[in-house]
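Hi,

Here is the structure I promised to pass on.

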Amino acid sequence: MNKTASIVIGLVVVLVIAGVGAYVVYGHGSSNQSPSSKVTLTETGSTLLYPVFNIWAGNYSANKITTAGTGSGAGISGAIAGTVVIGASDAFMTNTQVQQNPGMLNIPILISSQYVAYNIPGLNSNTLHFNGTVLAGIYNGSINNWNNAQIAALNPGVTFPSHVIVPVHRSDGSGDTNMFTEFLSKSDSWWNNNVGFGTNVNWPSVPAAVTGQGNSGIISQMTSTPYSIGYIATTYEAQVHSAGFGIAALQNQAGQFVTMSQSTVMAAANHYLSQIPADGRLAIQFAPGNNSYPIVDLEYLIVKQVQPNANTAAALVAFLEWAVNSTSGGSQSKFISPLNLAPLPQAVVSQIVTPLINKISG
Amino acid sequence: MALVPMAIMLILFSFLIYKAIPSMRYTGFSFFTSYLWYPGNVYANPISFHGVMAPYRSSFGLLSFFVGTLITTGFAILIAFPVSIFLSLTINLYTPDRLKRPFSVLVELFAGIPSVVYGLWGVIVLEPVLLHNIMPWMKYVGFQGQIISGAGIMAAGLILSIMIIPIVTAVISESMHSQPRELKEGVYALGGTKWEVGKHVLLGNTRKQIVGGTLLGTGRALGETMAVLMVSGSIVNVLPTSIFSLTNTMSAQIAAALDSAFIDGTGMNLSALVELGLVLVLISLIVNLAGRAIVGRGALRGFEND
Amino acid sequence: MIRMPGIIEVRDLNVATDRQQILSNVHLTIKENAVNTIVGPSGSGKSTLIRTFNRLTELYPKLRQNGQVLFHGKDVRDYRVISLRRRIGLVFQKPNPFPASIYDNVAFGPKLHMKLTRTKLDEIVHDSLVSAGLYDEVKHLLDKSALELSGGQQQRLCIARALAVQPEVLMMDEPTSSLDPIAKGKIEDLMMELRNQYTVVLVTHDMGQANRVSDSIDLLYNGRIVDYDKAEVMKMPEFEQAKHFVMKLAK
């Protein structure tokens with residue numbers, strides 16, 4: 001009895017700690033009227049957007065913003081449960097979630113992008129060419145050696161070593177996985193039919209595959225594992241360069257090999273402009289247009305259409321309008337360029353985002 | 001009063017079981033026999049099976065994580081067991097009295113280091129050393145298999161062993177220390193050496209506590225998450241084929257796959273993780289209870305108080 | 001009184017810790033084939049004194065020692081400690097059988113020191129148990145755990161265990177203090193038999209026992225050997241408490 005009791009007490013302690021922790025993270029979700037009548041907008045979710053929210057929280061003075069980097073899934077579920085006002089997510093809600101929670105809005109807010117990087121001794125200073133089909137082959141194990149003919153065909157004049165390819169993917173659920181697998185799904189039919197996309201997917205069994213936790217985990221695994229290839233958010237540009245990885249040029253829908261830059265990312269977003277549906281949910285990888293970088297993604301803020309009160313609704317609307325404003329608001333280049341994030345094109349803001357924001361009521 | 005913790009435990013278990021029911025209905029017995037953990041395509045239309053909704057092409061089997069847990073824990077015990085016995089004998093026989101206390105405190109301090117720090121050390125120091133210095137040498141002396149990365153079974157097993165050595169050593173050393181002085185002096189008085197005291201009194205007389213302490217260490221290794229997550233390679237859908245293979249464990253998988261489970265509108269991913277957690281809790285509970293039952297409360301007192 | 005050189009001679013022995021003097025200027029002679037008894041109240045240093053003979057004091061590094069203990073005229077520190085302890089056995093106050101069978105307890109010492117055939121080992125175990133007066137009681141139980149024996153039997157088993165390595169000197173540190181009167185009587189009888197073959201050193205604070213079994217008695221008080229024949233010593237206030245010992249000894 002005593003032994004059991006001590007184990008049980010241990011469990012209780014864990015539960016209490018978990019409870020307090022949950023309270024700290026989520027407990028202040030409802031918007032409180034502070035003495036100065038400022039509204040507190042709570043945010044949690046995407047770790048990619050976390051540094052942006054930190055900058056915004058320090059520069060937005062109209063109301064108070066609190067932020068936490070807990071993961072996109074936690075952002076979506078927090079917003080649905082109402083424990084936070086804003087759930088930040090790299091992925092939009094699934095159809096199932098939308099049907100179950102019709103009162104939620106997926107508001108595009110920024111554009112992120114991704115590198116495909118490699119650590120091949122002797123070739124890291126080359127800008128190697130890849131396309132979705134070859135990458136899908138590497139990640140499903142059908143292309144398992146660097147001297148594969150399909151790789152050579154994309155890179156005339158480059159001599160590849162005969163060495164097993166080590167594909168690196170994320171071990172944790174991640175918006176980066178979502179972004180990368182959306183690109184593979186759009187550019188390779190096998191991948192689309194058999195794996196699909198998401199923050200975590202049915203990774204094919206590849207014995208040589210390695211995983212890493214977070215972008216920093218991917219970078220450290222690739223550093224210690226030569227002949228590896230992986231996908232890394234461009235937010236981590238400095239770390240990718242100091243690790244000395246090569247960065248790939250990727251083939252877009254028009255067949256061109258393009259490297260990441262603000263202009264190639266914006267070009268991709270502009271080409272998808274006409275296709276973005278009214279609910280904002282669209283994968284914008286593998287864009288048409290000669291100059292479009294193929295792995296770009298819309299970042300989302302998930303919010304309830306009907307807010308608990310008018311004050312919170314008004315504060316939220318004001319904040320969202322400020323956040324997407326690229327001339328005087330949160331999407332100014334001084335805030336987001338250092339993180340390699342791009343602002344939404346003005347047309348997307350006026351045609352898609354503003355109508356979504358205007359649905360918010362209190 | 002004793003009923004309160006019992007009730008809380010009951011509530012916790014009921015909750016876990018309730019949450020795991022959809023996964024049990026969906027996966028059935030294949031949860032234990034399949035090594036494929038497929039979250040499915042959560043953006044495709046969900047399917048309905050046995051009365052529950054699940055993502056398209058999803059399937060959940062714990063085998064690769066279960067095998068990984070067993071192998072890494074076994075590897076850790078294989079290292080920690082002899083090291084802990086060696087340390088315990090050293091503390092009890094060959095350490096001068098004035099150094100005994102600092103030495104024991106040092107060992108206990110290691111038990112207090114957050115596991116993420118062990119993981120960090122594993123990634124930065126251990127993995128490169130394994131990959132560049134140790135694994136090629138092992139291959140040279142006849143170990144088979146493909147070297148992919150410094151991460152994997154060896155890194156996870158070594159880190160786990162370092163983490164559990166303080167616990168195992170504390171239990172064993174304490175039980176050796178509590179051997180009656182008369183027994184030790186009895187051996188010396190017959191002309192026995194320190195080694196003979198160690199062999200006949202300290203080892204021969206503490207077998208139960210050695211087994212129990214090792215089981216407690218096993219319990220810790222089974223549940224350890226963060227450090228393993230960082231150095232195991234966290235591979236999915238692959239069973240290990242050699243000592244160099246990457247691996248994954250039940251606890252690490254729960255931590256890694258939790259956030260994306262929230263994006264699954266059917267809730268099946270979450271339910272499968274809860275079922276995985278339930279299995280882990282049961283295994284850990286059995287191992288810990290066994291350890292405690294064998295050691296007995298007396299021998300544990302010294303280490304629990306610290 | 002003229003003292004003949006003994007098998008063990010203690011000369012001007014001092015033992016101390018950082019805080020406390022345990023033995024002061026001890027001179028003592030242990031005579032061969034006799035029961036040599038050291039009496040004194042608890043804490044007088046008796047146990048420490050005999051543990052200098054087989055160097056068991058070395059287990060306690062805090063003890064500092066000077067002066068000499070001679071065994072066969074040679075300083076005990078000049079012997080190999082293992083052979084010294086084989087030749088000078090020790091039976092403890094509290095019976096301390098190993099948690100093993102009766103047989104293995106007795107065979108333990110011989111196995112440490114010699115490579116023996118099973119037959120030879122059986123013979124040693126038999127003889128030792130006979131010498132310790134225990135054989136008849138345990139001859140059918142040799143494979144039973146020693147811990148199942150009574151306290152008195154356990155103590156005689158420990159004596160058998162000490163005898164099994166064929167020592168020259170058998171030291172007993174208050175061997176009967178935890179035993180009932182019947183068990184105590186058996187061990188006292190045993191001591192008197194053993195002196196024919198061994199030199200016995202007995203430490204006790206039981207005056208009656210000392211009188212019953214001893215060939216010679218020394219009184220240790222506050223770490224000093226006190227000559228209880230000298231009346232003037234007894235008048236010193238620090239020996240006030242020792243008087244009742246001396247009164248009993250004088251009878």
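**Where chain C meets chain B**

On the interface, 22 residues of chain C and 16 residues of chain B are in contact. Do keep in mind that this is a predicted model. Together the two chains bury about 1,700 Å², and 68% of that lies on carbon and sulfur atoms.

In a salt bridge, the side chain of K94(C) meets that of E182(B), with an N to O distance of 3.8 Å.

Which elements of chain C give two or more residues to the side that touches chain B? They are the helices α2 (81-87), α3 (102-113) and α6 (151-163), plus the strand β6 (88-91). The largest share of that side comes from α3(C), with four residues.

**A nonpolar patch on chain B**

The other thing I wanted to flag is a nonpolar surface patch of about 1,000 Å². Its residues are L120(B), W121(B), I124(B), V125(B), V129(B), I134(B), W137(B), Y140(B), V141(B) and F143(B). One of them, Y140(B), sits in helix α5 of chain B, which covers residues 115-140. Is Y140(B) buried or exposed? Its relative accessible area is 75%, and the cut-off for exposed is over 50%, so Y140(B) counts as exposed.

Cheers

How values were computed: Residues numbered from 1 in each chain as written. Chains lettered and ligands numbered in written order. Predicted model: local features only at pLDDT ≥ 70, side-chain atom pairs only at ≥ 80, totals over all residues. Heavy atoms only, no water. Patch = residues over 30% accessible without salt bridge, like charges linked within 9 Å, V, L, I, M, F, W, Y side chains within 5 Å. Areas by Shrake-Rupley, 256 points an atom, 1.4 Å probe, with all protein chains shown as cover. Salt bridge = Lys/Arg side-chain N within 4 Å of Asp/Glu carboxyl O. Buried < 20%, exposed > 50% of the residue type's maximum accessible area, 1.4 Å probe, protein only. Contact = heavy atoms within 4.5 Å. Buried area = accessible area lost by both parts, 1.4 Å probe.
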